Amino acid sequence: MSQTEYVQIRSPPATLEAIAAEEQRCIFPHFTADTAWELGTRLRARLQKASSKPAVVNITLAAHAQLLFHCTTARGTTPDNDTWVARKRAAVLRWGTSTWFLRNKFAGNEDAFAAKFMLGDRAGEYAIHGGGFPVRVKDVEGIVGVIVVSGLTMQEDHEVIVEVIEEYLASL
């Protein structure tokens, strides 16, 4: 993709109300392994159009951490990307909201976040950086899965997920 013109990912909202509204727009009518495959392949393609920088896409079910989709977008990812995936996923599962929402709620202050929830030595298990997003299904209590992107800026990691979910839902 050396001579490719990239299509920029839009900027995410910064207010908690706007982020919550984004999450409400991204509720699925159903969610299956086929849905995860479709979203994952769309995310990979969208990320390849957005940047030459490599990223990881990961989609799992919430209840038992079953991996439904995992890929890289280009050469150059490292094991650290998978560590970020695990940390973002853990935050979404524990607090039931996107990591971008948590980032903005605590103004990026990880110490305040860790203190609020008395995380102590376990603070490193969670990341409040954009790129972790809850999968919600209409009329189902709680989250059913987690979509994570790691590799670009935290703003891009978050908003590319929203862009792809909105595009997918509009195609149904």
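1. A107 is exposed, with a relative accessible area of 72%. That value is above the 50% over which a residue is called exposed. The structure discussed here is a predicted model. A107 is placed in the loop between α4 and α5. Although A107 is not a glycine, its phi is positive, at about 50°.

2. F106 also deserves attention. The loop that holds F106 runs between α4 (99–105) and α5 (110–116). Is F106 buried or exposed? Its relative accessibility is 13%, so F106 counts as buried, because buried means under 20% relative accessible area.

3. The contacts of F106 may be inspected next. Leaving aside residues up to four places away in sequence, F106 touches A112, F113, K116, F117 and I128. The reader may wish to locate each of these partners in the structure above.

4. In sequence, F106 and A90 are 16 residues apart. In space, the separation of F106 and A90 is 17 Å, taken from C-alpha to C-alpha.

5. Where does A65 lie? A65 is found in the loop between β2 (56–61) and β3 (67–72). The phi of A65 is positive, about 60°, although A65 is not a glycine. With a relative accessibility of 43%, A65 counts as partly exposed, because this value falls between the 20% limit for buried and the 50% limit for exposed.

How values were computed: Residues are numbered from 1 along each chain as its sequence is written. This is a predicted model: local features need pLDDT of at least 70, side-chain atom pairs count only at pLDDT 80 or more; totals for chains, interfaces and linings use all residues. Side-chain values use heavy atoms; hydrogens and water are left out. Helices (H or I, at least four residues) and strands (E, at least two) are DSSP runs, numbered from the N terminus. Buried means under 20% relative accessible area, exposed over 50%, partly exposed in between (1.4 Å probe, protein chains only). Contact means heavy atoms within 4.5 Å.
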